[in-house]
Amino acid sequence: MASKSKVPGAPSPSKREVEPDLHQQSHETQRYGEIVKLPNGLSEKVCKQSVALLNQCLADTITLRDMYKKHHWQVVGPTFNQLHLMYDQHYEGQVLLVDIVAERIQLLGGIALAMAADIAETTKIARPPRGREPAAVQLRRLAQAHEQIIIAAREAADQVDKSGDPGSNDVFVSNVLRTNELQVWFLTEHLVAASPVVA
């Protein structure tokens, strides 16, 4: 068996070089609400306005995403399988939106909301009860949340367009608005008069 040869002149590694340092501390390097100016052709004022609108959208989208998972776990009734699967598909669509919106915030030099407590403080979507609700109530609650996001996305798209931020406008229109419009259509089709989904 060949012995490991030491490279001539190379220092031998010390224990400190290979041990993880789990005692590091620091202050915040960027406070929430502050903008780090990046070379993106947009003023700090425009970036700050867009980031605020995007963070509100992010908080509402994360809340809707989590409502989908709650209802996915708790749904019961004759349409269990259809709703169980649809809720999970819509959840995955909202997961993608969360990432798109958060990345837009970061590339504008902002800080994206991330922690559950911050989301709960910021979202405008009403908190559902912890317990199980009938499928029809789940659908109604989800549809109302979608409509809130749709209305806010249209308003935000107009604002960022007027301020000269077409990239954020595209996120609001192409991603947020279109995804939510499609999902709310799928939801409400389960609530037509002929549907077995009733409270």
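1. Helices H5 and H6 cross in a left-handed sense. This comes from a predicted model. On the H5 side the contact involves residues including Leu139, Leu142, His146, Ile149, Ala153 and Val160. On the H6 side, residues including Ser168, Phe172, Val176, Asn180, Val184 and Leu187 take part.

2. As to the overall make-up, the protein has 6 helices and 0 strands. Its pattern along the sequence reads α-α-α-α-α-α. There are 199 residues, and 40% of them are buried. Among contacts with a separation of 6 or more, 79% join residues 24 or more positions apart.

3. The largest nonpolar core has 41 residues, and those touching the most other members are Leu58, Tyr87, Val101, Phe172 and Val176. At least two residues of this core come from each of H2 (44-74), H3 (80-107), H5 (135-162) and H6 (166-188). H2 gives the largest share, with 11 residues.

4. Tyrosine 87 deserves a separate entry. Apart from neighbours within four places in sequence, Tyr87 is in contact with Tyr68, His71, His72, Val75, Ala135, Gln138, Leu139, Leu142 and Leu187.

5. Serine 168 sits in helix H6. Is serine 168 buried or exposed? Its relative accessibility is 0%, so serine 168 counts as buried. Setting aside neighbours within four places in sequence, serine 168 is in contact with Ser50, Leu54, Arg104, Leu108 and Val160. Serine 168 and valine 51 are separated by 117 residues in sequence, while their C-alpha atoms are 8.9 Å apart in space.

6. On the cysteines, how many disulfides does the structure hold? The number is 0. A disulfide is a covalent bond between the sulfur atoms of two cysteines. Cysteine 47 has a relative accessible area of 1% and is buried. Cysteine 57, at 9% relative accessibility, also counts as buried, because the cut-off is under 20%.

Methods: Residues numbered from 1 in each chain as written. Predicted model: local features only at pLDDT ≥ 70, side-chain atom pairs only at ≥ 80, totals over all residues. Heavy atoms only, no water. Core = buried A, V, L, I, M, F, W, Y, C linked by side-chain atoms within 4.5 Å. Buried < 20%, exposed > 50% of the residue type's maximum accessible area, 1.4 Å probe, protein only. Helix = DSSP H or I, 4+ residues; strand = E, 2+ residues; numbered from the N terminus. Contact = heavy atoms within 4.5 Å. Disulfide = S-S within 2.5 Å. Left-handed = near helix turned anticlockwise from the far one by under 90°.
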